[in-house]
Amino acid sequence: MKYLYYPGCSLKGTARDFEESFKAIAPDLGIEIEEPGDWGCCGATVAKSLSKELAERLPLKTLEQAAKANRELLTLCPNCYLNHQQALDRLRKDETAKASPSRFPDVKQLLDVLGFDLGPEEIKRRLVCSLAGIKVLPYYGCLTVRPFPPGGTESRENPQIMEKLIALTGAKPLSFPDKVDCCGGGLLLTKEKVALKLAGRILKVARRYAPDCLVVACPLCHFMLDGKQNAIERELGEKIRIPVLYITQLLGLALGVDHIRLGINRLITSPRGLLGKFTRN
Amino acid sequence: MPPKVDREKCDGCKAENEPLCEQICPGDLFTLGEDKKARCRMPRDCWDCMSCVKICPKGALETRVPYQIGYHQAKLIPLMGTNSITWTLIDLNGKVERFHYINRGSLD
Amino acid sequence: MSLKVTPKIAIFFANEGDELSQSVDLAALVPRFSRAKNVSCCEVLPGGGAGKNREDIIAKYQQGMFNRILWVGRFSPEQRRNWESDLAAAGLNPYLQEWCDLREQGIYHEKDLRELQTQKAMILIQMSLARTRLLEPLEPLCLPGTDAVLVVGGGTAGLHAVAALAQAKKKVYLIEQQSAVGGKVAELGRLYPRICDPHCGLDFIIQKIRKTKSVEIHTLSRVVAVEGGPGNFFVRVLKAPRYVDEERCNACGECRKVCPVVLPEETSGPYGCQHAPETVCESTFRKCAISPPWPLNFPTAYVIARPLCPPHCRKCEKACPSAAVLLDQPPTELTFRVGAMLVTTGWDPYALAKVEEYGYGRYPNVISNLEMEQQDALPGEIREVGFIQCAGSRDERHLDYCSAVCCSVTLKQVLALKEKNPAVRCYIFYQDIRTPGLGEELYQRVKALEGVLFIRANPAVVRPRQDGRLALRVEDTFSGKELDLSVDLLVLAGGLIPSEGTSEIADVLKLPRNAEGFFESHLPCHSEESQRTGIRVGGTSRGPMGIDRAIETAQQAALDVLPFLQETIEVTPTVPVLNLSKCDKCKRCMEECPFGSFLFDAEGFSQVDLGRCRQCGGCMGTCPLLAVSRRHSTIEQLAAQVRAVKPSFLAREEPVLLAFLCANDAYPAVRRAAELGLSIPLNVFHITVPCIGAVNNALIADALAFGSDGVLIAGCRDGQCHYIKGNQLIKTRGDDLKAKLQSMIMDPRRVRLTNLEIRDSRAYVELIHSYLKELKEMGPNPFRA
Amino acid sequence: MERISACVQCGRCSAGCPVAFESGQSPRQIIRLLQLDQRGEARRSPLLWFCATCQACSTRCPRGLPVLEIMLALRREGQELGEVRAPAFYRIFRQMIEKSGRVSEWRLGFKSALCRFPRRPLGQALLFLQLWRRGKIR
C-alpha cells in the first residue's frame, strides 16, 4: 500500500513523535509512503475563520500533488485530513456538475488506513509482542470522527476502531464514554482557560477508569492531554499522571520497535510506569 | 443519412424487449446498445424511410436529409397526430416549410 | 364490439328561459344541424313543462326516430342523471347521450357578440356531434366474485376490521405471523387517554370474533404469493407447524410440567424486558419449549418451539390428556380465494441503538418507551427519571416524520409512574408536545403534577456518571440557561416505523410505499386505498397513528372492501381496450399504470385486469401507437373533437386555444367560472378527459396540426391527482413534445401545462387571458390555414 | 445559509457544544438571531470566537444545518465588515503561512502569548523548556 504522505506543520514540531512512530511502524505494516518536499500548511481552522478564498486554496496544492502522483493522500493530523477532505468534496462536486470521473484520488486519515485499508486482521498478523496486562483508554477527539468517520462507516458517537486496534496488541481497551468530546486544543492559543477546562474534564473522567495510558490519533489532542497535563493538574489542583500515547506508538510497542524510534522518550508526561509493566511481561 | 439517437432522451423503450425503432425499422438496423439505448448498427444501409423517427415516443431520433438533397444542416421532422402527420422541413439556409397530411382510412 | 348501427342522432336544444336564444341565433343553428350527417331530428325543447317533454321524447325514441341524443344547453348534473335513467328505462343506453353546454365554453348573453357566439356554438356542436357519432352503447361489466376476504395482520387494527367484516356476514380469513393475535397493543401496559389496560379492549373485540364461525384465524402464517385480481384473488399462505392441535388443546398445562427444557427468562440488564422477538420460536416461548401462545391466548392452543426440544424427547406428547401434541406436524401451504384483501401489518419500534448519542444499548439504564410499557413498578431507589422525546423522530438522520404517539405515550407513562411512585421526579425533554384535539387534557393533567418538569430542549449526549446515574446537559431553550441534570433512568421516546411484516407484504402484493416505507394513500379522496384495487390498508402500516385512528382506519378499510365481496362485481364499462393488432408490446402502459392493472397475456401482450383498473386512461395517453382506448373517451372520439375545432371563425390574428381539462379538478373549476359569469374568451375550446394523463401527445399534435395556436393541459395540482400521477405522466410526455416542437422551430410555449384546483376558477380565467396574450404575441400557428 | 429557517431550536447544538456557556451564549441563540434577521448581533456574538470547531453541532443537528459553517461564515463576515478583529493568534498564523507556507508552532505560541500577555512573555517558559528538551521545538 503506497500513499502520498502529507505531514502537516505539527508533525514536524510538537508532534514529531507521532511522525517518527508512524514512520517507524509503516514498513513493518507494509505501508509505503512518499513525502513531497514542498507541502504547505492546510490552513487549520484559522484560514476558514479569516477568508473563504484562502481556506479553499490552501489544500489544493497537496490534492494536485496526489492527483499527479496518482496516489491516495494520507494525513496523520485529523485537522489536515478534514481540510483536504472538504476541499476534495468541493472539487468532486464541481466535477460531477461537469460529469467527468474524478481525477483526484481519495484522502485518508491514519485510522482509515490502519482500520480499513489495512484492517485489523492484517495488522494482527504482523504483531510480535503482546501488551497483555495493560489497560488502555482510547480517546478519539472530535475531528477523527466528525464529520468524516474512519472508513466512512464508523459510528460518530461510539467509534470502535481504536478499541479494535488496541485489542490486537493484547492490551485491554477500556470503554470511554467521553471519547469523542473536544479536547479544546483549537482554543489553546486564544482561550487557554477554556481549553484547559475541556481537556481537564476529559482527563478527570479518564482517571475514573484507572488506565495505564490514553491512546490518541491526533497531534492536538496529544499536546493538550500530554503537553498540557501539568498545567491542567495545576488548574484542577490534583494529580492526573496518565501517559498519553499515539496509537502508532502503541502499535509500535506491539511490533517490537525500539522506544527511541517510536519517540516515546519525547512524551512529556512520563510513561515510565506503563513501560515498566510492559517490560515485566 | 443514418438516424441519430439523442442518448439523453432515448429510454431504450425501458430496455425491455425490442425498442419500438427496432421493431419498425424495415431494414432491421436498430438494436439496443450495452447502455440500454437504441443504436443504429448499420448506418450505411439506412434508406431514410423515417419510420423510426415517426414512431419514437420520446422524440429521441432524428434523421438527416441526404447530403445530395439538403446538405448537412437540413432537417426533416415529422410530428405524428392521431390520424394525420405534419412535416417540418428546414433547409440549409434555415428556411422552414411545413406540410400537413391527413391519413386515409379511419383510426382503427 | 357491438354491431354497428347507423347513428340516428337527435339534437335537443334546451332553451329554458330563452337561455340559448339570448346568446346565439337558434333560428339559424336548428336548420343548419337538421341537415347534418347522421342527424335525424333537431329540435328546440319548449321552455318549461319538462314532464311533457319527457314523455314526448321517450315516445319519439320508441318510435325509432333516433338512437342517440346530443343535448345542447345547460343541464344540472341531477337533470342529466334523470334524463339518463328515464331514457334508460325506455331502452336508450346512457352512454349514447352527449351533453354540450355552451355556457361552459364561454357563450353568455352578450348581444354584441351574438354573431361570433353563434359561429363558436356551431363549432362546439360540431365537436360534440363528431363525438356523438362515435359513441358506443356500453353495459356494466360483471366479474365473478366471492364474499370471502383476507386480512393480513392480527393486531388491534386487523381484529377490528375482522369483526366489522364478520358482522357484515362475510367469510374472513385472518393471517397472523405470531402464534396468537393481539399485535403490539398486547405488549403495552396502558392505553391513553383513559390509561386503561389494553387487554380489556383486545378482549372485547376478541369476544366478538369468537362468537362467529365465519372467521378463520391462521396463526404462524405468512402470505407468500398472490394471483388474480379483485373479486378473485388467489392467496397462497405458508403456515408453520404449531405442533399442537388447535381443536384439541384446552391449555390444561400438563405438558409444561414434563417439558425438560428450562430456559432463563430473557433479560437485558435491570430493566430488561421481553421484546417482540424476531422468530416465531422465541416469541412463543416462555421458560419451556411448550408454552401458551403469544402475545395473547387467542387461539388458545399451546405452541411448541420445536428447535428447543431435546432430541427424541416426546414427553409432552405422552403427558397430554387430550392427545393434542403433534410433534411431527409438517408446515402446510394453504390457498384462499378471496374477493379483496386488507392489510393491517402495523409497526415496529425504531431501532434506538441507531440514535447513538443517547447510549441505548450502551448503558443499562437507558430504555425505550416500549420497554417502559412493560415495567410494572420501578425499583425503589429510582428517584429521577428522564424522558427524551423525538428520539429518532423528526430528525433527518433518522425518521423524517413525527411518530404521532410518543408525546401521549410519555405523558401516559408519567401519569402511571407518578401514580405508583409519587416521589419520583420526572424530566421531559421535548421540542414540541403534540397532543392534538382532546389530547390536551392529558397534557394538562401531567402539567399539573408535582415533580414533573417539562424542559423544552433536547440533550445532545447522555453520559454515565461515576455513581452509575446518567448525566444530561441541556440548554433550557426558554431561559437560555445551561442545565446539568442527572437521572437514574432514562426513557427514550422512540418512533414508529413500518413493521417488517409491512415490508414483506408490500413486496408480495407489490403495494407502493412512500419514502418512509408506509403505504401511500390519497387523502382525503381515497383514504384507505393502496393503489392496488381490491386491496385496502389500515392502521399503522399507513403511517404513525394512535390506537383510535388505527381502529377507525381499519374499519373504514373494511367498509371500503365490501363492494368487492359479492358474487358478481359490477365494473363501470369505461375501461381501456387494447387493440392488439396495433400493439407492439412496448409495455409503456404497464410501466406507467399507477395501479399496476396490466398483466402479460400468454403471447406477451399487455392485458388489462378490469377489476384492478381505475379507468384513468393513463395507458391511452401513454401508448405511442394509439393501441389503447378508454371506452367513452376513446382516442377516436377525442381526436374527432379536436379535429372539429375550426380556428377560421376568428380573424387570423386572434389566437385559438384548445384546453384539455381534467374531469376531477380543472373541469369543475371551469364550470364554476361559467357559473360565476367570469369572462371565458371565445378563443378557447374545452375538452374534458377523465384524467389529464389520458391526453396522448398525438392529440396535442392534432390540435396544432389542425390550426389551434396553443394547447393548454390543465391537470390537478401536484400530489392531488386522484389517479396518483396523471399530472406527472403528462409532464414527462409534454417535455418530450416541447423539445420536438423546438426542433421544428415552433415555439414550445404553444403547449402549456398547468395545475388547477377545483376552485381555481378565477386563476383559470386569468391564466387563459394571459396565455392568449402571449399567443397573440407569438403570432399564428404556422399550421393554421 | 438559506436553510436557517429549518432550525427547530431543539437545542441539541448547544447541549453538545463544549463552549456554549463559556461566553454566555449558545449556538442555538445565534441561529435564532439569524432567524430574527439580527445578523449584526450574531456577528458580534462573543461565542463565535470561543468555538473550538469540534463539529459536534453540525453532526448532531436533526435538521442537518451546517451550524459550524454558519459560525465560521459569521466570523469572516464580521471581519470583512470591519466590525471585529480576529484574535492575535489568527493574524499571526495567517502571516506565517503567507510568508513561508507553513507554521512554526513554537513561534506561533510565543508570539500569540506575547500579544495576549505582553507583560509575562515567559509565562509558558517551563513548557517551552520541556518541549525543547524533548526535541519538539526546533
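This is a predicted model: local features need pLDDT of at least 70, side-chain atom pairs count only at pLDDT 80 or more; totals for chains, interfaces and linings use all residues.
**First stop: the interface of chain A and chain D**

Select chain A and chain D together. Chain A brings 51 residues to the contact, and chain D brings 41 residues. Between them the two chains bury about 4300 Å², with 56% of this area on carbon and sulfur atoms. On the chain A side, colour Ser49(A), Leu50(A) and Leu189(A): these residues lose the most area to chain D, and together they account for 16% of what that side buries.

Next, display the charged side chains. Three salt bridges are found across this interface. For a salt bridge between these chains, centre the view on Lys197(A) and Glu22(D), whose side chains meet at 2.7 Å, N to O.

Now show chain A as a cartoon. Helices H1 (16-29), H2 (46-50), H3 (52-57), H5 (78-98), H9 (192-208) and H10 (219-227) of chain A each supply at least two residues to the side that touches chain D. Coloured by class, that side of chain A divides into 22 nonpolar, 15 polar and 14 charged residues.

**Second stop: a helix pair in chain C**

Select residues 156-167 and 547-561 of chain C, which are helix H5 and helix H14; their axes come within 8 Å and cross at roughly 40°. The crossing of H5(C) and H14(C) is right-handed. Display the side chains at the contact, including Ala157(C), His160(C) and Ala161(C) from H5(C) and Ala550(C), Ile551(C) and Ala554(C) from H14(C). By class, this contact has ten nonpolar, three polar and no charged residues.

Note on methods:
Residues are numbered from 1 along each chain as its sequence is written. Chains are lettered from A and ligands numbered from 1 in the order in which they are written. Side-chain values use heavy atoms; hydrogens and water are left out. Contact means heavy atoms within 4.5 Å. Buried area is the accessible area (1.4 Å probe) that two parts lose on being put together, summed over both. A salt bridge is a side-chain nitrogen of Lys or Arg within 4 Å of a carboxyl oxygen of Asp or Glu. Helices (H or I, at least four residues) and strands (E, at least two) are DSSP runs, numbered from the N terminus. Ala, Val, Leu, Ile, Met, Phe, Trp, Tyr, Cys and Pro count as nonpolar, Asp, Glu, Lys and Arg as charged, and the others, Gly among them, as polar. Axes are lines fitted to C-alpha atoms, for helices over the stretch in contact, and angles run from 0 to 180 degrees between N-to-C directions. A crossing is left-handed if the near helix is turned anticlockwise from the far one by less than a right angle, and right-handed if clockwise.
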